[in-house]
Amino acid sequence: MSPSSGNGCILLHKKKYMKNNNERQLNIKINNNLSGLLILILCGIILAFSLSSLSTYLKINDNDLSNEINDKQEKRKFALLPKENDLTIIDDSTIGLPLEINDNNYNFDNNENDETTVSEAITSLQLALEMKHCGKQKKAIKLFQHAVALAPQHPDVLNHYGEFLEHTQNDIIRANEYYVRALTYEPNHESAMVNRQRTARVVEELDKRMLNRIDEKRNALTAIPDNNAALNRAKKEAYFQHIYHTVGIEGNTMNLAQTRSIVETRTAVAGKSIDEHNEIIGLDAALKYINATLVNRIGSITLKDIMEIHRRVLGHVDPIEGGHLRRTQVYVGGHIPPGPGDIHFLMEEFASWLNSDRAIRMHPVRYAALAHYKLVHIHPFSDGNGRTSRLLMNAILMQAGYPPVIIHKQHRHKYYEYLQLANSGDVRPFIRFIAECTEQTLDLFLWATTEFSKEVPALSQNSIIKDRHHHHRTIVLDIEGSGDFLDD
């Protein structure tokens with residue numbers, strides 16, 4: 001073999017070796033690139049997940065932060081005693097039921113769709129109109145009420161009854177309410193539309209007068225020194241009266257003396273259930289919490305505050321559920337509250353509204369009444385929704401310098417009816433009812449602290465009577481709570 005041939009073989013082997021080596025390095029480089037690409041993709045997935053979680057967290061905190069309003073106006077507070085009268089309870093099971101007229105204690109279920117019942121209602125309506133034209137008002141009232149009870153959603157019945165209340169009874173406010181109810185069930189009812197438009201401005205003016213009158217009485221009560229002995233005695237008595245009426249509305253059988261004894265001494269009453277005792281103790285604890293924390297606060301009322309109120313309301317009756325949102329679906333008569341999966345969102349939305357500029361700018365009585373209705377409509381708890389809603393309402397009133405309202409258990413049927421009307425779309429009757437209760441409570445305090453006091457009903461009486469020394473027509477609720485106008 002020649003030298004040149006040997007060199008050629010060596011060169012050939014060298015080229016082959018270099019080619020194999022280059023292929024190995026290329027494969028390694030490709031494998032490294034693939035590994036890097038996989039790692040890069042994995043890092044991207046992890047980063048995207050982290051950013052998503054962080055965005056959700058920041059969004060939640062941003063929503064919570066937006067619910068806090070630090071520029072809430074400073075208002076004169078209603079300074080309470082060690083204990084204070086607060087509010088009254090509603091039987092939660094009645095909220096959301098179909099509309100029901102209780103003027104004459106009728107109770108017909110789902111009769112509006114029964115042809116025979118509607119026919120009877122129309123007959124009763126025709127007889128009522130005949131009695132009206134003959135001047136027999138008492139018979140006409142009973143026939144109208146019978147027709148409304150039989151067909152509570154019939155627009156003609158509601159509209160004619162409203163006209164009777166307006167022109168014969170001179171009760172423009174209730175007449176307007178019936179016109180609105182008629183339009184709820186038949187929006188294009190021509191006669192009801194005309195009647196509502198005619199009475200709307202008058203009703204608005206009467207509502208303004210009532211709120212202005214309440215403000216004047218609030219200012220008079222605020223001017224009384226906190227160390228006034230008569231005022232302190234009135235607060236203490238009102239406190240026990242409030243708890244008594246509150247638990248009584250829910251069916252508690254304790255009388256006033258027994259309620260007072262449990263609050264003051266924690267002594268058990270023979271023959272009464274443990275739950276009845278614990279309802280009184282829980283309400284007392286919730287009132288004290290509001291007095292100690294919320295009344296003098298400057299700033300927002302938070303979702304946590306509402307939960308703390310509920311924890312005390314239900315803490316002695318059901319400590320497991322107290323202070324916790326419900327986790328199951330509940331059914332309240334004909335009303336189906338939101339599902340448990342929506343409760344937290346709805347409560348956050350409610351807290352945002354509660355502290356919004358729009359809500360805070362409302363008249364305090366209207367603001368408090370709407371807060372109560374909104375919360376009880378959400379029905380966020382398994383039990384104690386009514387009590388918690390009214391406690392929240394009274395906390396708002398006390399922050400604005402009003403005493404917490406006392407709703408007598410004798411007026412429970414009207415209380416329920418107004419809540420049902422609110423469910424149907426007209427919340428004004430409920431706001432008016434709360435305003436009337438607020439004014440009555442103010443009258444009681446002013447009466448108790450005046451040396452030569454005017455004749456004002458005691459807490460145990462059934463009627464809500466207005467101050468008759470004002471030169472205007474006054475709304476009066478009689479024993480049946482009819483809300484008729486009386487001349488001064």
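**Reading the chain as a whole**

Author: One may begin with the contacts. In this predicted model, 69% of the contacts in the protein chain with a separation of 6 or more are between residues 24 or more positions apart.

Reader: What does the secondary structure of the protein chain come to?

Author: The protein chain has 16 helices and two strands.

Reader: How much of the protein chain is made up of buried residues?

Author: A residue counts as buried when its relative accessible area is under 20%. Of the 488 residues in the protein chain, 49% are buried.

Reader: With which residues is Trp353 in contact, leaving aside its neighbours within four places in sequence?

Author: With those neighbours left aside, Trp353 is in contact with Ala359, Met362, Tyr367, Leu370, Ala371 and Lys374.

Reader: How many disulfides does a search of the whole structure find?

Author: A disulfide is a covalent bond between the sulfur atoms of two cysteines. In this case, the search of the whole structure finds zero disulfides. Two cysteines may still be considered by their accessibility. Cys134 is exposed, because its relative accessible area of 54% is over the 50% cut-off. Cys437 has 1% relative accessibility and therefore counts as buried.

Reader: I turn now to backbone angles. Which residue in the loop between helix H4 and helix H5 deserves attention?

Author: One may look at Asn170, which is placed in the loop between helix H4 (155-167) and helix H5 (172-185). Asn170 is not a glycine, yet it has a positive phi of about 60 degrees. With a relative accessible area of 30%, Asn170 is partly exposed.

Reader: What is the phi of His379, and where is the place of this residue?

Author: His379, although not a glycine, has a positive phi of about 55 degrees. Its place is in the loop between H13 and helix H14 (385-399). Why does His379 count as buried? Its relative accessible area is 5%, so it falls under the 20% cut-off. In UniProt, the annotation "active site" from an unreviewed entry covers His379.

Reader: Which other residue does UniProt list, and for what feature?

Author: The unreviewed UniProt entry lists Asn291 for "glycosylation site". Asn291 is found in helix H9, which covers residues 274-293. Is Asn291 buried or exposed? Asn291 is buried, as its relative accessible area is 16%. The C-alpha atoms of Asn291 and Phe78 are separated by 9.5 Å, while the two residues are 213 residues apart along the chain.

Reader: Where does Ser261 lie, and which residues does it touch?

Author: Ser261 lies in helix H8, residues 256-265. It touches Arg266 and Thr267, when residues up to four places away in sequence are not counted. Ser261 counts as partly exposed, at 28% relative accessibility. From C-alpha to C-alpha, Ser261 and Phe240 are 9.5 Å apart in space, and they are 21 residues apart in sequence.

Notes:
Residues are numbered from 1 along each chain as its sequence is written. This is a predicted model: local features need pLDDT of at least 70, side-chain atom pairs count only at pLDDT 80 or more; totals for chains, interfaces and linings use all residues. Side-chain values use heavy atoms; hydrogens and water are left out. Helices (H or I, at least four residues) and strands (E, at least two) are DSSP runs, numbered from the N terminus. Buried means under 20% relative accessible area, exposed over 50%, partly exposed in between (1.4 Å probe, protein chains only). A disulfide is a pair of cysteine sulfur atoms within 2.5 Å. UniProt positions are given in the numbering used here, feature names are shortened, and annotations may be inferred rather than shown by experiment. Contact means heavy atoms within 4.5 Å.
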